[in-house]
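I opened this entry to record what I looked up about the domains and about a few backbone angles.

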Amino acid sequence: MTGGLVLEGVTAGYGSVPVLHGINLSVEKGSITAVVGANGAGKTTLLRTVTGQLRPTAGSIRLGTGKDLTRVPVEEMVRHGVALVPEGRGVITELTVEENLRLGGLWRKDRRAAAAMLTRTYELFEPLDRRRKAAGHQLSGGERQMLALGRALMAAPALLLLDEPSLGLAPKVTAQILGMLRRLRDDTGLTVLLIEQNVRSALTVADHGVVLNLGRIVASRAAAELAEDTDLRHTYLGF
Ligand SMILES: Nc1ncnc2c1ncn2[C@@H]1O[C@H](COP(=O)(O)OP(=O)(O)OP(=O)(O)O)[C@@H](O)[C@H]1O
């Protein structure tokens, strides 16, 4: 397996209280991995640790390129090809769609590449193309999620991390957003790590599924297989 992202023995937490205990996880390059688990399982903590908002107290986090992310400051992550779509979406509601997107590509020195990426983003997200001049606060929940995704893609990441993209969205809109992730994976070979409460949707879109329980990985399998494992669903996912 080619690692898009590899975690080895990662332990992390808040203050002296560990939340994640020796996490080993390999996200295959060009695939979508969903991390699911009950409330408090440690999903958000895992994402915070990969993105450098929290420092692991043990273990390592590496990209497939070999780049060691373990001590990379959060603001440097984007330069190493790591982009986060945060929970609550992080769209700047006072700015227009286009201004938000341009912010995502701001750090890139190559202005022509950034302009090309903007065109590409509008091709991918047709609803955003129609609402270029609309302010963030005028958008629907689904459009905001699309904008957050588009903004992250403006950085041309190799690894995209998403925190609860379905939060507050109608099932149809969730399916549309998650369908876009699949298209992106197919078109660009993007590696995706997805944290979701919505287990069914997540395992439908993902190639691989990981179940987290009390800060430990208790299952790591093909997503379709996990979705069919009734015992596992009852024990760890509550349905
Ligand atoms: N900032 C914090 N300080 C201290 N403890 C925290 C903090 N954030 C989370 N925790 C604790 O870490 C554990 C894991 O929380 P985390 O938010 O990572 O879980 P989660 O799986 O994302 O759950 P949820 O879906 O409810 O957000 C919980 O016991 C939580 O109380």
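**Loops and domains**

I began with alanine 156, which I found in the loop between helix H5 (141-153) and strand S6 (159-163). I kept in mind throughout that I was reading a predicted model. The phi of alanine 156 is near 50°, a positive value in a residue other than glycine.

I next turned to glutamate 164, which sits in the loop between S6 and H6. Glutamate 164 is not a glycine, yet its phi is positive, at about 50°. Glutamate 164 has 21 C-beta neighbours inside 10 Å and therefore counts as buried.

I then looked up the division of the protein, which gives domain 1 as 3-81 + 157-237 and domain 2 as 90-156. For the separation of the two, I noted that the C-alpha centres of domain 1 and domain 2 lie 24 Å apart.

How many residues of domain 1 are in contact with domain 2? I noted 11 residues of domain 1 in contact with 10 residues of domain 2. On the side of domain 1 that touches domain 2, the largest share comes from helix H6 (residues 171-188), which supplies 4 residues. I also wrote down the composition of that side of domain 1, whose residues divide into 8 nonpolar, 2 polar and 1 charged.

Technical notes. Residues numbered from 1 in each chain as written. Predicted model: local features only at pLDDT ≥ 70, side-chain atom pairs only at ≥ 80, totals over all residues. Domains from an automatic or database assignment. Contact = placed C-beta atoms within 7 Å. Helix = DSSP H or I, 4+ residues; strand = E, 2+ residues; numbered from the N terminus. Nonpolar A, V, L, I, M, F, W, Y, C, P; charged D, E, K, R; others polar. Buried ≥ 20, exposed ≤ 12 C-beta atoms within 10 Å, placed from the backbone.
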